[in-house]
Structures are given as structure tokens and as C-alpha cells.
Amino acid sequence: MLQTSHHPMLNVAIKAARAAGAIINRASLDLEALRINTKSPNDFVTEVDHAAEGVIIETLLGAYPDHGILAEESGRTHGAKHSEYVWIIDPLDGTTNFIHGLPVYCVSIALAHRGVVQQAVVYDPTRNDLFYATKGRGAFLNDRRLRVSKRTRMSDALIGTGFPFRRGDNFKRYVKMFEDVMQICAGLRRPGAAALDLCYVAAGYYDAFFETGLQPWDVAAGSLIITEAGGLIGNFTGESDFLHQREVVAGNPKIYGQLVSILAPYTRVIKEDDASAGPAVANASAESAEPPAPAAKKRGAVRIKKADGDEAPV
């Protein structure tokens, strides 16, 4: 049951996420019947992705027809094109896990106003776990308030990550990054659904998370849930423009700062011009296995800026 204390826009997002989760759960009972297409090598989409996205968009626009939509499968084809409010949707994050029957996937829905995320929902239908946040009101898992972990030493930290998997991704450089982090932390994990990974940081299951190659719909909802749980999130140099930089690092404040210092030399692994051309060509020209030269000036951990317009527009 939806709580009346929730923001009205959050209630609509929760309704949409649960409707999508019901479609996903029904489909999971007969995976052999799924029709699966390949967007690019190792990047899959199913009829379930489309059906889940459809019910989310229908629910959101039914309540707010003047809002914009940015969705993984349909882009900006739905909703108002120039609205200050934009819903950022990943209907099924972890599709590869889903089609293999591995129960690690989720629905991710965020609402940004003038580029700043205000509402966030990440729903894990296999566990009926609902992560959510409203800007300034805290982050929650079901009815439990979330707080990031209190660990302060990298040697004690459990860190989540995601592996590069698209053609053109810089695998050699990622291995170097992986090696740098792996040698100084307690362990690395890669479940395969970035939106859930970010929620696990907010819940304190992980102490930090990092990944390259992510899109806005992968990180928008999780970013608010993390900051409302007392964590930090940014790009590899600690700046808050991560939504469109295709690199993200998040964590509790102490571990975040240490991880930024490790990852800063690897910033912009995916160049801005490559990112605009699409994932198939991202990093195609970056062949060296050695890390790049350190950034001219490493920035310390920074919090997400509060004022409207401080982040890159969605």
C-alpha cells in the first residue's frame, strides 16, 4: 500500500514501478517463451523490456501528461519535448541476468526538474524490495530509513563495480583500474544491475561503487537514493556532472574520497565525442593498457550541488 505521506509524484512512480515489476515477474515464469533481440553485441532487449517501459510511460503520462520522458528503449519519443520535468526510465536494468534466470534485476524510475533529480524509485521485483527517495526527505528501503556504511578504511571496504561489455569498450584499461582497486579493498562484486548496485551503497551493503559506460537511466534514480542516505556520488574526479559523463563513483564519504583519488587518473576513459556516437564506438581508439596521465588537479570529494541548474541538463 502506498503511504499518503509520500510526495504525489513519488506515489505515481511507485505505482508505475510495481506495474512494470508485475509484468517482469509474470514473464520470469516462462523464460523459454521470451523473444530476445540484440541491440549490439552482449546488449540485449526483450519484449518484456518494451512492455514494462510501456506501462511505466502510460502510468506517468496518465498522471502528468505535460512531463517529458527519457527512456532506455524509446528515448524521448514520448511525453512533452521541452518540459522542465523529465522522467528518466530504465524498465529492466539487468536484462542479461533476467534472460538467464539470475534474479538480479530491477526497475528504475527518476524524475528530474531542470536537470536535478527530485524523485527516485528502484524496484527489485524478485524480492519485492522498493528503494525510494524524495529530495530532502531521506532514502528508504520499504519502510526502513537508509544510511550509508560507516567504514573508513579501504582495506575493510566491499566495493561494487560493473564490467565493460560492449564492443569498443576499453577492456585493457578497465583491467588496470580493476587491479588498482582490487589490491587495496576487502572485495569487489559485480552482480550486473547498476541501479541496484547504487541502492546497495545507500543501504550500506557496499561501501562504494564505480563503473564506466553507464547512461542517465542507469544512475539517475540511484544517485538521489545515495545522496539522501548520506553518501556521495560523482564522476571519477569527484565532480557532480556524472549523469552525462558515462563514469560514476559513489560511496560513503570516507571511502568515496579514497576511491576518487584512485580512479581520477582514469577519468574520461570514454571520451565525450565517442559517447555521443554511441556505445559501439566508445573507446574504440583507446588501445593502451596503461593508465592515462593524472588529471591536472585532483578534486576532493564533493556533494551534489543543491541549486537548480548546477547539473548538466537532462
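**Stop 1: helices H4 and H7**

Select helix H4, residues 171-182, and helix H7, residues 253-263. Their axes come within 10 Å and cross at roughly 140°. Are they parallel, antiparallel or oblique? H4 is oblique to H7, because an angle must be over 145 degrees to count as roughly antiparallel. The crossing of H4 and H7 is right-handed.

Now show side chains. On the H4 side, pick Met-177, Asp-180 and Val-181. On the H7 side, pick Leu-259, Ile-262 and Leu-263. These residues make the contact between the two helices. Five of them are nonpolar, none is polar and one is charged.

Bear in mind as you go that this is a predicted model.

**Zoom out: the whole chain**

Colour by secondary structure. The protein chain has eight helices and 14 strands. Of its 314 residues, 56% are buried.

**Stop 2: helices H1 and H2**

Select residues 8-28 for helix H1 and residues 47-63 for helix H2. The axes come within 9 Å and cross at roughly 160°. That is over the 145-degree cut-off, so H1 and H2 are roughly antiparallel to each other. The H1 and H2 crossing is right-handed.

Show the contact residues next:

- From H1: Val-12, Ala-13, Lys-15, Ala-16, Ala-19, Ala-20, Ile-23, Ile-24 and Ala-27.
- From H2: Val-48, Ala-51, Ala-52, Val-55, Ile-56, Thr-59, Leu-60 and Ala-63.

By class, the contact of H1 with H2 has 15 nonpolar residues, one polar and one charged.

Stay in H2 and click Glu-58, which lies in this helix. Is Glu-58 buried or exposed? Its relative accessibility is 60%, so Glu-58 counts as exposed. Now draw a C-alpha to C-alpha distance from Glu-58 to His-78. The gap is 9.6 Å in space, for 20 residues in sequence.

**Stop 3: helices H5 and H6**

Go to helix H5, residues 194-203, and helix H6, residues 216-228. Here the axes come within 8 Å and cross at roughly 5°. The angle is under 35 degrees, which means that H5 is roughly parallel to H6.

Select the two faces. H5 contributes Ala-194, Ala-195, Leu-198, Cys-199, Val-201 and Ala-202. They meet Asp-218, Val-219, Gly-222, Ser-223, Ile-225 and Ile-226 in H6. The residues of this H5 and H6 contact divide into nine nonpolar, two polar and one charged.

**Stop 4: Leu-158**

Leu-158 is in strand E10, residues 158-161. At 23% relative accessibility, Leu-158 counts as partly exposed.

Which residues does Leu-158 touch, leaving aside neighbours within four places in sequence? Its contacts are Gly-187, Leu-188, Arg-189, Tyr-205, Tyr-206, Asp-207 and Ala-208.

**Stop 5**

Select strand E6, residues 116-124, and find Asp-124 in it. Show its contacts beyond four places in sequence: Tyr-105, Cys-106, Asp-129, Leu-196 and Tyr-200.

Step along to Asn-128, in the loop between E6 and strand E7 (129-134). Check the backbone: phi of Asn-128 is near 55°. Most residues other than glycine have a negative phi. Asn-128 is partly exposed, at 42% relative accessible area.

**Stop 6: Arg-246**

Finish in the loop between strand E13 (232-234) and strand E14 (247-251), and click Arg-246. Phi of Arg-246 is near 60°, again a positive value in a residue other than glycine. Is Arg-246 buried or exposed? With 5% relative accessibility, Arg-246 counts as buried.

Conventions
Residues are numbered from 1 along each chain as its sequence is written. This is a predicted model: local features need pLDDT of at least 70, side-chain atom pairs count only at pLDDT 80 or more; totals for chains, interfaces and linings use all residues. Side-chain values use heavy atoms; hydrogens and water are left out. Axes are lines fitted to C-alpha atoms, for helices over the stretch in contact, and angles run from 0 to 180 degrees between N-to-C directions. Helices (H or I, at least four residues) and strands (E, at least two) are DSSP runs, numbered from the N terminus. Angles under 35 degrees count as roughly parallel, over 145 as roughly antiparallel, 65 to 115 as roughly perpendicular and the rest as oblique. Contact means heavy atoms within 4.5 Å. Ala, Val, Leu, Ile, Met, Phe, Trp, Tyr, Cys and Pro count as nonpolar, Asp, Glu, Lys and Arg as charged, and the others, Gly among them, as polar. Buried means under 20% relative accessible area, exposed over 50%, partly exposed in between (1.4 Å probe, protein chains only). A crossing is left-handed if the near helix is turned anticlockwise from the far one by less than a right angle, and right-handed if clockwise.
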